[in-house]
Amino acid sequence: MRLYLINPSNPLVSIVNVKESRWNRYRVWKPLGLMVLAGLTPPDWEISIVDENLGVPDYAAMPRPDLVGITAFTSQANRAYEVAAHFRNLGVPIVMGGIHATMCMDEAMERVDSVVTGEAESIWPQVLADARHGSLKHRYDGGLAEMNDVPLARHDLLTAGYALGAIQTTRGCPLNCSFCSVTAFNGARYRQRPVADVVREFQSIREKRVLVVDDNLIGTRAEHIARAKDMFRAMAQANLRKEWIAQATINFADDEELLALAAKAGCRGVFIGFESPSPQGLLEIGKKFNIIKGRDFRASVRRIQRHNILVVGSFIIGLDIDESGIGKRIAEVAGRYGMDNLNVLFLTPLPGTRLWDQMKLQGRIALDTFPEDWKYYTLTFPVALYKHLSLDGVIEEMLSCDRNFYSMSRILRRALGNLWHRHQPLVTLVGNLSYRKNIRLNCKSYADFKRYWTDRHNRVNKS
Ligand code: B12
Ligand code: SF4
């Protein structure tokens, strides 16, 4: 039985940009969900993982599969349905799973033969058995997996074309921020994989550099952090010789032993969601964890960096409290906190989140011709109506933020600061220059987006 597992592209975020800026090679990351699915697949299936981010293949020239499995984040849904249509025309059954199919199940069910909602571990073997017997059901639900059941991902199936390997060590997040899909999809219960599985899987990854995809690497409670320390100790003891980056909340900075162990285990960078420069903004999106009284963000960032771990901060533009000037303010605050890199995104209502419900109720979802418009749900386009910022206004704030933070003088200052304190100026320089290069690409995308928005507006007004 031949199985294709497909990760659809979104040209607005992937292929085009990789061609135009080779630094973006570091932003094409492996579709780990499909590698996990392959790990759950019995050995008598012949599996090919197709990642369209590396180039869209000529499907017609490929051998006919017996089953196609498609994954999709919301931003990939549109293309997922195009790929599904191609194979359906050939009479090949299509199963779709992943976050978008779970959040927009009815939409997906109209376009594929079978939808798997939730995590796949408990249900995928059943789906395959039904497909083999020609009795595929229209819908399956995997719920939330037991972490002992998560298999080792099949890293051997995607060996070329990526700068980074990928692994997951935990699922779920109790914090439930209003804009984020993680709690809705993976649940509020923080689930950690057995440490031995994590070490074994790391050993099967060929790349020297690895992305740990967990949304919240260390968790929130004392017992989560104790387990994270155990994992880092085991990784250091196994002498993995890997360098990895991960996502964490700011409490990562609060425990010197944790930081030392993470660095020893190979941690070289963390993405941290700061989200808003003001406590009102944090309250608005429900990120209460960042509002602990008296937290000195600059000192927290420095504590992490002292262990030679880079800090990439993430902020959102478009909150209800954001007014003209927010872009510059974020750039200043990020500079003051001493971040190595800054990643700013537009507030985006993703289906299944509290923000989606709220904006839908208020009639503020501006691009809502679905599935066509999903391709703009990359968080890099302003798809909603923002309280104090017009379409032009919110884009201007984003550009002003990037131009401020990534001005040549500020980049050089950061690189020199790194040379002085940490002796790794090159990493800061390369990271910053790659972001700076994308500002030009972003300007072009915004111009195209505004044309699309205006055309759309005119069409709606005429009809
Ligand atoms: C790593 C990651 C990335 C990587 C992508 C790597 C890749 N190609 O997969 C990068 C950094 C490139 C990325 C980019 C983006 N991401 Co991202 N990302 C993640 C993250 C942190 C982990 C994903 C992962 O690997 N999980 C581990 C695997 C094992 O889980 P899984 O993919 O969910 O797969 C399981 C099930 O879903 C199911 N399943 C999945 N596919 C299929 C298919 C079939 C057939 C079946 C049966 C089952 C099945 O089985 C798997 C095993 O249980 C998630 C958060 C999360 N917890 O998922 C956000 C997340 C998926 N990203 C998100 C977003 C918004 C984006 C961006 C749009 C914006 C951005 N800048 O972050 C871009 C868009 C990229 C694009 N191409 O369009 C949102 C998506 C919400 C949504 N509704 O789509 C998430 C949930 C984060 C969030 N805070 O809300 N992301
Ligand atoms: S944004 Fe981060 S902290 Fe908030 S719910 Fe999502 S994963 Fe958890």
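Student: Hi! What should I know about the model before we start?

Tutor: It is a predicted model, where local features need pLDDT of at least 70 and side-chain atom pairs count only at pLDDT 80 or more, while totals for chains, interfaces and linings use all residues. Residues are numbered from 1 along each chain as its sequence is written, chains are lettered from A and ligands numbered from 1 in the order in which they are written, and side-chain values use heavy atoms, with hydrogens and water left out.

Student: Great. Which residues come nearest to ligand 1?

Tutor: Thr71, Thr74, Ser75, Glu121 and Asp215 do, out of 41 residues around ligand 1. Being around a ligand means having a heavy atom within 4 Å of it.

Student: What polar atoms do Thr71 and Asp215 bring to ligand 1?

Tutor: Thr71 has a polar side-chain atom 2.6 Å from a nitrogen atom of ligand 1, and a polar side-chain atom of Asp215 lies 2.7 Å from a nitrogen atom of the ligand. Thr74 uses its backbone instead: an N or O atom there lies 2.7 Å from an oxygen atom of ligand 1.

Student: And which helix gives the most to that shell?

Tutor: α2, with four residues. At least two residues each come from α2 (32-39), β3 (67-71), β4 (94-97) and α7 (182-186). Helices here are DSSP runs of H or I with at least four residues, strands are runs of E with at least two, and both are numbered from the N terminus.

Student: How does the shell around ligand 1 divide by class?

Tutor: Into 20 nonpolar, 15 polar and six charged residues. Ala, Val, Leu, Ile, Met, Phe, Trp, Tyr, Cys and Pro count as nonpolar, Asp, Glu, Lys and Arg as charged, and the others, Gly among them, as polar.

Student: OK, which residues are around ligand 2?

Tutor: Cys173, Leu175, Asn176, Cys177, Phe179, Cys180, Thr183, Asp215 and Lys287. Five are nonpolar, two polar and two charged. Asp215 turns up in this list and also among the residues that come nearest to ligand 1.

Student: Changing topic: where is Gln168, and is it buried or exposed?

Tutor: Gln168 sits in the loop between β7 (165-167) and β8 (170-171). It counts as buried because its relative accessible area is 16%; the scale is buried under 20%, exposed over 50% and partly exposed in between, with a 1.4 Å probe and protein chains only.

Student: What does Gln168 touch?

Tutor: Leaving out residues up to four places away in sequence, Gln168 touches Leu32, Arg193, Val213 and Asp214, where contact means heavy atoms within 4.5 Å.

Student: How accessible are Asn239 and Arg241?

Tutor: Asn239 has 47% relative accessibility, so it counts as partly exposed. Arg241 has 63%, so it counts as exposed.

Student: Last one: where is the cis peptide bond?

Tutor: A cis peptide bond joins Phe370 and Pro371, with omega about 10 degrees. Pro371 is in the loop between α14 (354-361) and α15 (391-405).

Key
A polar contact is a pair of N or O atoms within 3.5 Å; within protein, one must be able to donate a hydrogen and the other to accept it, and residues adjacent in sequence count only if both atoms are side-chain atoms.
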